[in-house]
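Welcome! Let's take a walk together through a folded protein chain, looking at how its pieces meet.

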Amino acid sequence: MRKVTIIGAGNVGATIAYTLAVEGVANEIVIIDIKTEKAEGEAIDIAQGGLFFREDVKITSGDYADAADSDIVVITSGMARKPGMTRLDLAQTNINILCSIAPQITKYAPDAVYVIVSNPVDVMTYVFHKVTNIPENRIIGSGNTLDTARLRYWLSNNFQISQQNVHAYVFGEHGDSSFVPWSQASICTTNVDEYQEYLNPGNPIDHAAVEEYVRKSGGEIIKRKGATFYAVACAAVDICKIIFSGIETALAVSTMMHGEYGVDDVCLSVLSIVDENGIKGKIPAKLTKEEEEKLQHSAKCLRNVIDQITYQ
Ligand SMILES: NC(=O)c1ccc[n+]([C@@H]2O[C@H](COP(=O)([O-])OP(=O)(O)OC[C@H]3O[C@@H](n4cnc5c(N)ncnc54)[C@H](O)[C@@H]3O)[C@@H](O)[C@H]2O)c1
């Protein structure tokens, strides 16, 4: 069985459930929400598309006990960011929700890999480490997987080249202090800045503008349609796909730091290898001094939030 429980049947949770089912990533899906009718409605709506799925998928809504034997639990519960609200404004409300959920879900699914998507995702991932006994490798924050997809989308459009040929990541907080380690960004084997100079001499990529594009994308979409959920659902489903396939894959996910790049006791995104057990380890990217300082600044921003919230 490939069983996934999704907590939170809102835009993000329901889209993850739908995508998992349509793509045949999971063959059993349980949706849990404090609004039980909403969870039930989403489960029935998706299940009734079953005729058109690649394989049979059992989709139900339920309670925490129904999460027993889950391989993966995806946490999307909480409030979504409203227009004008920063991700960090959300912190305490969503932390309180996470703390109420954590003991219930870990009681029934103690062996699952946990994928945290709710915002502010780095702080939520950190708190989940602190309030549960789930081993560290089995806690993954979706972190900057979405931001990385947005960056690659921009770069592939800029160079008119397949996203498969773009190797670039967004590091740090999933939020205002995120940044791109441009020294590590390449088109196949060529650094993106050199590639740009080759294609468009004397017209360098405006790094700050691209990072701004990545950071503001969520807000721009929220301004237009009130929420973002398709791309983040694809990113969360990709993590599930990697876990089920066991094919070790590098992702910019949010993980607990232990002194790497001079950053300790905070969760943020750097390159990690994900495998069937969750986080296998981190890839020691050769950042420049300036990039390391940016990561340390991002860690400070997150530490500042962690120091202001309460959790138990
Ligand atoms: N990490 C990312 O890249 C990323 C991107 C987009 C959205 N998000 C985050 O994902 C989260 C969900 O967004 P959304 O648009 O689906 O929001 P939403 O409001 O549509 O759905 C949230 C759901 O959580 C449920 N919920 C609240 N408290 C609960 C509890 N105690 N137990 C179970 N369920 C509970 C609500 O009833 C609601 O159905 C938000 O925190 C949002 O900021 C993260």
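Let's begin where two helices cross: the axes of helix 5 and helix 8 come within 9 Å and cross at roughly 115°. Here, axes are lines fitted to C-alpha atoms, for helices over the stretch in contact, and angles run from 0 to 180 degrees between N-to-C directions. Helices (H or I, at least four residues) and strands (E, at least two) are DSSP runs, numbered from the N terminus. The angle makes helix 5 roughly perpendicular to helix 8. For such words, angles under 35 degrees count as roughly parallel, over 145 as roughly antiparallel, 65 to 115 as roughly perpendicular and the rest as oblique.

Before going further, please keep in mind that this is a predicted model, in which local features need pLDDT of at least 70 and side-chain atom pairs count only at pLDDT 80 or more, while totals for chains, interfaces and linings use all residues. Residues are numbered from 1 along each chain as its sequence is written.

## Helices that cross

(Ala, Val, Leu, Ile, Met, Phe, Trp, Tyr, Cys and Pro count as nonpolar, Asp, Glu, Lys and Arg as charged, and the others, Gly among them, as polar.)

Helix 8 (residues 230-245) also meets helix 1, with axes that come within 9 Å and cross at roughly 50°. That angle makes helix 1 oblique to helix 8. On the helix 1 side the contact uses Val12, Thr15, Ile16, Thr19 and Leu20, and on the helix 8 side Tyr230, Val232, Ala233, Cys234, Ala236, Val237 and Cys240. These residues divide into 10 nonpolar, 2 polar and no charged.

Another pair is helix 4 and helix 9 (residues 289-308), whose axes come within 10 Å and cross at roughly 60°. Helix 4 and helix 9 are therefore oblique to each other. Asp122, Val123 and Tyr126 of helix 4 touch Leu302, Val305 and Ile306 of helix 9. In this contact, 5 residues are nonpolar, none is polar and 1 is charged.

A crossing is left-handed if the near helix is turned anticlockwise from the far one by less than a right angle, and right-handed if clockwise.

| Helix pair | Axes come within | Crossing angle | Handedness |
|---|---|---|---|
| helix 5 and helix 8 | 9 Å | roughly 115° | right-handed |
| helix 1 and helix 8 | 9 Å | roughly 50° | right-handed |
| helix 4 and helix 9 | 10 Å | roughly 60° | right-handed |

## Two domains

Now let's step back to the whole chain. The domain assignment gives domain 1 (3-141) and domain 2 (145-306); such bounds come from an automatic or database domain assignment. The centres of the two domains, taken over C-alpha atoms, are 23 Å apart. Across the boundary, 33 residues of domain 1 are in contact with 32 residues of domain 2. On the domain 1 side, helix 1 (11-22), strand 4 (72-75), strand 5 (113-116), helix 4 (121-131) and strand 6 (139-141) each supply at least two of the touching residues. That side divides into 20 nonpolar, 7 polar and 6 charged residues.

## Strands and hairpins

Strands of a sheet pair through backbone hydrogen bonds, either parallel or antiparallel. In this report, two strands pair if DSSP finds at least two bridges between them.

Elsewhere, strand 10 (residues 249-258) and strand 11 (residues 264-275) run antiparallel and are joined by 9 bridges. Alanine 252 stands opposite leucine 271 in strand 11. Their hairpin has 5 residues between the strands, and there glycine 259 takes a positive phi near 90°. Strand 11 is also joined to strand 12 (residues 278-282), by 4 antiparallel bridges, and this hairpin has 2 residues between the strands.

## Two backbone details

Where is proline 120 found? Proline 120 sits in the loop between strand 5 and helix 4, and the peptide bond from asparagine 119 to proline 120 is cis, with omega near -5°. Glutamine 160 lies in the loop between helix 5 (145-159) and strand 7, and has a positive phi of about 50° although it is not a glycine.

How values were computed
Contact = placed C-beta atoms within 7 Å.
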